[in-house]
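Dear colleague,

Please find below the structure I am handing over to you, with its sequence. My findings follow directly after it.

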Amino acid sequence: MASVVSWLITGASRGLGLELARQLASTSNNIVLAACRNPSSASHLHALKPAEGAELHIVQLDVSSEESIRTSVATVEAVLNGRGLDYLYNNAGICPRDDAFDFSYDELLASLQTNVAAPALLGQLYAPLLEKGTRRTIVNVSSALGRFSRDSGAAVATYSVSKTAVNMLTFKQAKARPDFIVIALAPGWVKTDMGGAEAGLEPSQSVAGQLRVVLALRKQDSGKFLSYDGQELPW
Ligand SMILES: NC(=O)c1ccc[n+]([C@@H]2O[C@H](COP(=O)([O-])OP(=O)(O)OC[C@H]3O[C@@H](n4cnc5c(N)ncnc54)[C@H](OP(=O)(O)O)[C@@H]3O)[C@@H](O)[C@H]2O)c1
């Protein structure tokens, strides 16, 4: 019998996080902890029906709140009931539309808090549960907009800054914990509220690719920036 695999997905109320929860919960032996800041209004998440042998648990988690992040650990621990956490999937993100000379200071701080500080603190606080898991994997969802090696223009400046920072966080986490696998993952340009209707990928395509990449990860992949289609991206 295949062994049970546990996943904590942040930002699972809609978009890519919801699709991750959907695809993971459709595979038996997965325990999916789908985290969202407002469980009471996460109707699409509540509508998901896990496959036989899979479990779906909805966990309250506002990643912009240190207290909520800290509180979530005990909740997740209780659900796992002695098991470790195999995958921490830092998916939640925000993307203000701005440029480097026309931005809101509050939105800049909020982007850094949600897109960088949250994955950092989640990594730190969930490390003991990850140690108890068999996969010991952290996926930091990043973006091609966080790359230096590609001219991304002037748009979405604070978001791009935050994604470059989460790339460096990934590199540092991988160096600090050689017993973990930590990657930054670019999901492609996807039709979600964030990606918009013009995007080239459906959430189902991006997530299928992301999960193929994540499930095939090996120790030597730790510290890399990977695309949903398996390519390694230059920083
Ligand atoms: N879509 C793209 O083309 C694209 C491209 C590159 C990278 N990405 C990255 O992929 C990830 C998912 O993006 P998406 O396209 O699915 O975006 P989305 O459709 O805007 O969904 C964002 C998700 O993050 C959640 N979230 C935001 N702030 C949160 C907080 N403080 N606490 C908990 N959850 C929070 C939202 O929850 P609420 O419903 O509560 O707001 C929502 O579930 C992000 O990290 C994004 O940067 C997306």
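**Ser-142 and its surroundings**

The side chains of Ser-142 and Asn-167 are joined by a polar contact of 2.7 Å. Please note that this is a predicted model. Ser-142 is found in the loop that runs between β5 (137-141) and α5 (157-176). With a relative accessibility of 1%, Ser-142 counts as buried, because the limit for that class is under 20%. Leaving out residues up to four places away in sequence, Ser-142 touches Lys-163, Val-166, Asn-167, Ala-184, Leu-185, Ala-186, Pro-187 and Phe-225.

**Two further serines**

Ser-160 lies in helix α5. Its relative accessible area is 10%, and Ser-160 is therefore buried. When neighbours within four places in sequence are set aside, Ser-160 is in contact with Leu-145, Gly-146 and Ala-155.

Between the C-alpha atoms of Ser-41 and Ser-13 the separation is 8.3 Å, and the two residues stand 28 residues apart along the chain.

**Positive phi values**

Asn-81 is not a glycine, yet it has a positive phi of about 50°. Asn-81 sits in the loop between α3 and β4 (87-90), and at 66% relative accessibility it counts as exposed. Val-156, also a residue other than glycine, has a positive phi near 40°. The place of Val-156 is in the loop between β5 and α5. Val-156 has a relative accessible area of 11% and is buried.

**Packing of α3 with α4**

Two packed helices are described by the angle between their axes and the distance between the axes. Helix α3 (residues 66-80) packs with helix α4 (residues 105-131) at an angle of about 30°, and their axes are 10 Å apart. Angles under 35 degrees count as roughly parallel, so α3 is roughly parallel to α4. The crossing of α3 and α4 is right-handed. On the α3 side, the contact is made by Glu-66, Ile-69, Arg-70, Ser-72, Val-73, Val-76, Glu-77 and Leu-80. The residues contributed by α4 are Ala-118, Leu-121, Leu-122, Leu-125, Tyr-126 and Leu-129. By class, the residues of the contact of α3 with α4 comprise 10 nonpolar, one polar and three charged.

**Packing of α1 with α6**

Helix α1 (residues 15-25) and helix α6 (residues 203-215) cross at roughly 60°, and their axes come within 9 Å. This crossing of α1 and α6 is right-handed. Leu-16, Glu-19, Leu-20, Gln-23 and Leu-24 of α1 make the contact with Pro-203, Ser-204, Ser-206, Val-207, Ala-208, Gln-210 and Leu-211 of α6. Seven nonpolar, four polar and one charged residue make up the contact of α1 with α6.

Yours sincerely

Conventions
Residues numbered from 1 in each chain as written. Predicted model: local features only at pLDDT ≥ 70, side-chain atom pairs only at ≥ 80, totals over all residues. Heavy atoms only, no water. Axes fitted to C-alpha atoms, helices over the stretch in contact; angles between N-to-C directions. Helix = DSSP H or I, 4+ residues; strand = E, 2+ residues; numbered from the N terminus. Parallel < 35°, antiparallel > 145°, perpendicular 65-115°, else oblique. Left-handed = near helix turned anticlockwise from the far one by under 90°. Contact = heavy atoms within 4.5 Å. Nonpolar A, V, L, I, M, F, W, Y, C, P; charged D, E, K, R; others polar. Buried < 20%, exposed > 50% of the residue type's maximum accessible area, 1.4 Å probe, protein only. Polar contact = N/O pair within 3.5 Å; in protein donor to acceptor, adjacent residues only side chain to side chain.
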